[in-house]
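Q: Hi! I'm new to this one and would like a friendly tour. Can you walk me through it?

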Amino acid sequence: ADIAMAAATQAAGCEDYGDRGFVEGLTVFLDDLREHAQLSEFGVQAQFQDVVRLLMNRLGFARDLKAHPEIRDEVIAAPIIIFGLPRTGSSKLQRMIAADPLMQRLDFWKLMFPAPLPNSKGVSPDPRIAMTQQIEQMLKDLSPQAMAAHPMEALEPDEELWLMEMSFAAPVTWMKVHAPRHRAWTESRDPRPVYAYTRELLQYLQWQDGGGRGRPWVLKSPVHIGELPAVLAVFPDATIVHCHRHPAKVVPSFCSLIEHSRKVHSDAVDPRELGAEFNAYWALQTRRNLQARHALPADRVLDVYFDDIREQPLAVIEQIYARAGHRVSPAARRAFADYDARRPENHFGQHTYTLEHFGLSLDLIEREFSDYLRAFPRLKAQG
């Protein structure tokens, strides 16, 4: 950790990290990288560079927060937060809604570099965009299968889990590589500080963009599914949208995404191990979600379905806007249609996968997700 933090300090040109509570998670993660991740030579270099990027962002944020305490006065008002199991159409839904000019976009370049780069004040276009476009191209070159499954483009919205990653206490950190100790450590901790820090980063980005100006954020990530109490504690006025799809479609698709992503950094990725791990993990998250929902009013969460997002996205968006108290303007309708035309299904290629490759079967998945399937019977027909 000391080596990575020193490298980030040198690159960022500042050394005050502010709250150093993140160092424990960073240390656990780096220990896992050495002991369990079985990284290739490229993986070692890539992971180190990525950790330095995260630390540089922490440094830049701490620097600006100290110089501009008014950042904490930014109001994150009534965001739309979309979640559900992964691979349920939530990305399409987020990206279409974010095309509305009256919404705040969480573009990938902002997620990769929420803090401005050193000596970049007044530079146009923002050099963070070009750096993220380099990351985008690297992803296309190194793992076209992962890009086909979940495109990550510099100028398109993506998941706030990339902001959560800066805490070194979020699930995305251990999902990217085999890091069992970090997973156990993360799952033993209260998630609310991670969400509180993420909210501060949204304030930071909003401040850089001249304030909220009545534009709600459109957020999205499957990692929220089991953390509904923490989400509502930090974003109490959020419109919550839960996307649904049969887990027999979801689990192998997610495992395929993780397999291709991890293979960039390691030559030792066992697909059957992924199948067992993530079938159990996502089933646990759905059970936690169901338990949390029992304590909420029936209409607190809006349920939408993959088939509807795919076949009639505008109707689904109209439901969300009605729940959030927004009007779908003519400009928004044009923006939605434009996005749908620019990004058709399989835009980056066909994403193919099978249950068998991951040691899974329909019966096994339906047993693990039995509570979820009973709660949402419409899904049974999709199996």
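A: Happy to; we'll go through the sheet, then the aromatic rings, then the cysteines. Keep in mind that this is a predicted model.

Q: Great. What order do the strands of the open sheet have?
A: The order is β2-β1-β3-β4, four strands with parallel pairing.

Q: Which strands stand at the edges?
A: Those are β2 (218-220) and β4 (301-305). Each has a single partner strand, so one side of each is left without a neighbour in the sheet.

Q: And how much are neighbouring strands turned against each other?
A: On average by 25 degrees, with direction ignored.

Q: How many bridges join β1 to β3?
A: Five, between residues 80-84 of β1 and residues 239-244 of β3. As an example of who faces whom, Ile80 stands opposite Thr239 in β3.

Q: Which strands does α16 lie across?
A: Helix α16 lies across β1, β3 and β4, and runs at about 175 degrees to β4.

Q: Switching to rings: how many aromatic pairs are there?
A: The count comes to 14. One of them is Tyr281 with Trp282, an edge-to-face pair at 4.9 Å centre to centre with 75 degrees between the planes.

Q: Are those two buried or exposed?
A: Tyr281 and Trp282 are both buried. They also belong to a cluster linked by ring pairs, together with Trp174, Phe254 and Phe278.

Q: Why does Tyr321 count as buried?
A: Because its relative accessibility is 1%, and the cut-off for buried is under 20%. Phe336 counts as buried too, at 2%.

Q: Which ring does the charged end of Arg245 sit over?
A: The ring of Phe306, 3.8 Å from its centre. There's also Arg378, which lies over the face of Tyr305 at 4.3 Å from the ring centre.

Q: Is Cys255 buried or exposed?
A: Buried, with a relative accessible area of 0%. Cys14 is buried as well, at 17%.

Conventions
Residues are numbered from 1 along each chain as its sequence is written. This is a predicted model: local features need pLDDT of at least 70, side-chain atom pairs count only at pLDDT 80 or more; totals for chains, interfaces and linings use all residues. Side-chain values use heavy atoms; hydrogens and water are left out. Rings of Phe, Tyr and Trp (its six-membered ring) pair if their centres lie within 6.5 Å; planes under 30 degrees apart count as stacked, over 60 as edge-to-face and the rest as tilted. Buried means under 20% relative accessible area, exposed over 50%, partly exposed in between (1.4 Å probe, protein chains only). A charge sits over a ring if NZ of Lys or CZ of Arg is within 6 Å of the ring centre and within 35 degrees of the ring normal. Two strands pair if DSSP finds at least two bridges between them. Helices (H or I, at least four residues) and strands (E, at least two) are DSSP runs, numbered from the N terminus. Axes are lines fitted to C-alpha atoms, for helices over the stretch in contact, and angles run from 0 to 180 degrees between N-to-C directions. Contact means heavy atoms within 4.5 Å.
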